[in-house]
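Hi,

Here is the structure I promised to pass on.

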There are 2 protein chains.
Amino acid sequence: MTYCVAIRTETGLIVASDSRTSAGVDDVSVYSKMHVLPAGPDRCFVLLSAGNLATTQAVTSRIQRDRDDPDAETSIDRLSHLEDVAEYIGAVSTRVQRGPEGANQADFRPKASFILAGQIGEEDHNLFLIYPEGNYIRASEEKPFLQVGETKYGKPILDRIVEPEMSLEMAARCALVSLDASMRSNLSVGPPLELGFYHRNSFHLEPRLRYEDDDAFWRRMQDAWSRNLRQAFMDLPRFEWE
Amino acid sequence: MTYCVAIRTETGLIVASDSRTSAGVDDVSVYSKMHVLPAGPDRCFVLLSAGNLATTQAVTSRIQRDRDDPDAETSIDRLSHLEDVAEYIGAVSTRVQRGPEGANQADFRPKASFILAGQIGEEDHNLFLIYPEGNYIRASEEKPFLQVGETKYGKPILDRIVEPEMSLEMAARCALVSLDASMRSNLSVGPPLELGFYHRNSFHLEPRLRYEDDDAFWRRMQDAWSRNLRQAFMDLPRFEWE
């Protein structure tokens, strides 16, 4: 399993992901699920992926090959709206998921979901969630975050805290505690964590941070959240007979 | 959907549930999911139910009929271990789920899960989770809570806070904030909430509380939790550049 979350604020985007890939409990590996897609100077695209690893690798590889191929029908360098990039990635993904001719379709589980985060030129920065079927939704004022993978454990804190007016750093902290909740409740979500900041109109993912399990800052964050949550709980009102 | 949670501490049991039942968004009703099963003076059984409403109603009804019938093969009055009660309820549930002869089995979704909370005589109080297949697991020192229904949103706070040494009131507050998380993130989990305290060796569920959405205490609890959580979040460590 996997957990990726992206948050959109007025000043930019936060992308965050775990790095655990498992094909059964005896086949657990570390793979980055945060892909910065190389593109021209007036655009920035980050792809977060959940689901079949072969599919996500084939999709990022196909995107790069279309970019390098002057005869390709389309490429992320030539599209002029982020929505078109989402549509293109959805089409690439469904094509990849069809698999090789003659594959054993009954046992074949090639599904993958993506979050596309980015900006093109003067268009607003935005987030798109691309479903395995290739269709997609965008973030909105009312729903300023998107998630893929094992999403439920980490959703309550996002529902409570995230709002478009918050600073990027606040949004980043919210993504981190959301990841923390998922990691504690689901063994298949695991470190290292990746966290990227996209400042509006910068066209760079900067800073891009990576926290191993024993990273001092990440440890400090986890400890503080654990302590603060416990205090928040201890301070709840008592029942009338207490 | 439904969310029920039960917590076992050294001094007793906490049972909590929402009351929303839906068979599609245009067919939403209020049904209690907390069933106190009438039984002899040396025993107390509470059943929390999730899943098909017809199944859960048929199961509680069958339990009562077996109790009233002196010729019944077994009844909750005559069993001497809580585990046997779990096994009996599992058997009743699977029998009910088979449905009437000639039912359209393909479209038939009669699954239900149960949490059995209670105590018999001098045996320890305990919790059992009874699966739709009729098998069951019990709570343990390491896993002192059980959940059925829409369990994921409310699990992180339980994972963090619940421990066997906590007071019943603390455990009850933990169940309430866990329910609050589920209700906020899933529309199909809804008030009124029910909350029951079982004090070890009391053989009564007392007090048994019910909170409507506008209940003053429940409102105060929700507001405090919201405020405290936000403060817990605001007090997290800053990134080095902040």
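**The sheet in chain B**

E11(B) and E12(B) run antiparallel and are joined by five bridges. Strands and helices here are DSSP runs numbered from the N terminus (H or I with at least four residues for helices, E with at least two for strands). Before I go on: this is a predicted model, where local features need pLDDT of at least 70 and side-chain atom pairs count only at pLDDT 80 or more, while totals for chains, interfaces and linings use all residues. Residues are numbered from 1 along each chain as its sequence is written, chains are lettered from A and ligands numbered from 1 in the order in which they are written, and side-chain values use heavy atoms, with hydrogens and water left out.

One bridge to look at has B:Gly196 partnered with B:Arg208 in E12(B). The whole open sheet has five strands in the order E10-E1-E2-E11-E12 of chain B, with antiparallel pairing; two strands pair if DSSP finds at least two bridges between them. Its edges are strand E10 (145-149) and strand E12 (205-211) of chain B, each pairing on one side only. On average, neighbouring strands are turned by 10° against each other, direction ignored. Helix H4 (residues 168-185) of chain B packs on this sheet and touches strand E1 (3-9), strand E2 (12-17), E11 and E12 of chain B (contact: heavy atoms within 4.5 Å). The direction of H4 makes about 160° with that of E11(B); axes are lines fitted to C-alpha atoms, for helices over the stretch in contact, and angles run from 0 to 180 degrees between N-to-C directions.

**Rings**

There are 16 aromatic pairs over all chains. The rule: rings of Phe, Tyr and Trp (its six-membered ring) pair if their centres lie within 6.5 Å, with planes under 30 degrees apart stacked, over 60 edge-to-face and the rest tilted. A:Trp241 and B:Phe197 are edge-to-face, at 5.3 Å centre to centre and 80° between the planes. A:Trp241 lies in the segment after helix H5 (216-234) of chain A and B:Phe197 in strand E11 (residues 193-199) of chain B, so this pair joins two chains.

Cheers
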